Every structure is written in structure tokens, then in C-alpha cells.
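Work through the exercises below with the model open. Try each task before reading its solution.

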Amino acid sequence: MNKTIVATTSLAGCFGCHMSFLDIDEKILDLIELVEFNKSPINDIKEFTRMCDIGLIEGGCCNNENVHVLRNFRAHCKILVSVGECAIMGGLPALRNAIPLSECMAEAYLHGPSVAGNNENGIMPNDPELPVILDKVYPCHEIVRIDYHLPGCPPRADLIWQALVALVQGDPLKLPYELIKFD
Amino acid sequence: MGQKLTIEPITRVEGHGKVTIHLDDENNVVQSRLHIVEFRGFERFVQGRPYWEAPVLVQRLCGICPVSHHLAAAKAMDAIVGVEPEGLTPTGEKMRRLMHYGQIFQSHALHFFTWSVPICYLASMPVPNKGM
């Protein structure tokens, strides 16, 4: 049987969902039997080398680079999965959506207790290498079509594992309620 | 101006970094730069929220070292409610230390077993030089 090709990325997330994914612990050995990773921080492959079956997206979109990577994933993955609250609805970073971006920047670089008085010229990050920050944080499904959503902050390891196995085997995603409730 | 090499993304840190190496016409390195490409605005948006939320909110700064951020926020909240470091209960202090030692242990194991070893061991994987 050909292995399923999986790609993963972290956009405006914290890598917590990737960490939760790694929390499948020894099942990672079963995983290696089932899938082969393409572009992913797990194996440090930086560019797609082929079409993939499943793309796992962590994080929403807070800058133009996130949007570019997400569109690239949509173009290279047959099934795209939003993993975790940031990808599904912007998550915690979306708390800034109610605040003008200029206020957030000013607090981080001009007025915050660790920078106040140390930035007399009021320098903001302006290097052309840096991505352009978007006005708001956008969930992935507002940028591209997303096929599945795995909830949680982070989704527990078992949820990611069972969902991935179901997708690999072509089964319907019938996840038990205990896996997707958080209390 | 000569060539520019880009390594993106850097995958062994949280925080979405990028490295650019600028070369002159003889291919000597003129400058190497680390770019931190992500801005999320935690400094501003945690303001005005209930103070007991802070330790849980800032855990989401980094999914690799959440405990460190949790404990830093816990210390800040101590200061806000007027608890001196020596005013912590012995149990509270021990629990924080235990959490922190656990984080260090987990972090080292994580780095070794899932970041460093696979790169060395799974040599059949494509060499990660595409971004360079």
C-alpha cells in the first residue's frame, strides 16, 4: 500500500498543536508506517516536493506570508484540515481584532514596560524582509476552502491521531464526543 | 550587491523565524540576519482582561514552553495582588518549581527525541536544502 503523504505547517499559531500531535508518543512509530511527511516543520522539509494527500494547518492568518503559505497548501493538498482554535476561528491572536493594529504595535515597541524609554526614535519593525501584518487575524476557512476542523487548544493528541487514521483509511470522521469536548 | 541566501522557515524554534545571509560579489558573507516574522500583539490584548486569565492566555505565546510563560504571568499576578515572593505558601512554591522542572525535562526530551534524532536518523528523507 502506498503511504499517505502528509504536510503540516504552523501559521499564526504557537506550535502547541504540533506539540500535541507529537504527544501521540510511541504511536509515532505506527504513524511512520501509515504516512510519509512532505513539507513540515517535523522533518524540516521547507518546500513541497510533490502533491500531498492531507495538509494539517495550525494557526490562522495574521500576515501576508501566512496567506501565501496557506494558499500554497491548498494548491498542494487534496484534503486540508484546520487543526486547533487558531486555524478554525483565529484563536487567541484574534483577540487583537477588536483593537487597532497600530495600538498593538505601539504597546509592543514604544510603550510597553520593557521598551518604554529605550526606543527614543520610535523605530518600528520595517525591514522589507518582514511580512506585512494584516489588519485582523483571519481563520483559515476565510482564505481557502477547508475540508475538516479539529477543535481544541490544542486538540488532544488522540483526537489528531484518530482523525488522521480515519482520513488515511478513507473512513468517515466519526469522532467520539469525549474526544472533542473540553471540560 | 551579491547573492542573498534565505532559510525559511526555521523549524527548530517556536516563533516563525527566517534567516537571510547576504553575500558580496566574491561570495563572502557580508551580513547574516535573523528575522522574527510573527507579530501577534499579546502585549496589548491581554490588557483589560480579568487578571486570573493572564497565566492561561500567555501559555499560548509558545506551545513548546507554555509552562515558562505561565509561571512568568503567575509572578506578575503575584505582584499585582501584592504577594511578595516570600509570601508564597511552601506548597505553592514547590508546585511552581515542580512544574518548571517538568517543563525543562519535557523540553529536553522533546528536542532530543523528536527534533534532533529524526533529522539524523531518518536519513532517507529528502535533504532539507530546498529553501536555501
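Two strands count as paired if DSSP finds at least two bridges between them; strands (E, at least two residues) and helices (H or I, at least four) are DSSP runs numbered from the N terminus. The model is predicted: local features need pLDDT of at least 70, side-chain atom pairs count only at pLDDT 80 or more, and totals for chains, interfaces and linings use all residues. Residues are numbered from 1 along each chain as written, chains are lettered from A in the order written, and side-chain values use heavy atoms, without hydrogens and water.

**Exercise 1.** Give the strand order of the open sheet in chain B, and say which strands stand at its edges.

Solution. Step one: the order is β1-β2-β3, with antiparallel pairing. Step two: β1 (4-10) and β3 (29-36) of chain B each have a single partner strand, so one side of each lacks a neighbour in the sheet. Step three: β2 (residues 17-23) of chain B pairs with β3(B) over seven bridges. Within this pairing, B:Val19 has B:Leu34 as its bridge partner.

**Exercise 2.** Describe the interface of chain A and chain B by residues in contact and by buried area.

Solution. Step one: 38 residues of chain A are in contact (heavy atoms within 4.5 Å) with 41 residues of chain B. Step two: the chains bury about 3500 Å² between them, 64% of it on carbon and sulfur atoms. Buried area here is the accessible area (1.4 Å probe) lost on being put together, summed over both parts.

**Exercise 3.** How many salt bridges does the rule find across this interface?

Solution. Step one: apply the rule, a side-chain nitrogen of Lys or Arg within 4 Å of a carboxyl oxygen of Asp or Glu. Step two: the rule finds four. B:Lys4 and A:Glu129 meet in a salt bridge at 2.5 Å, N to O.

Definitions and conventions:
Buried area is the accessible area (1.4 Å probe) that two parts lose on being put together, summed over both.
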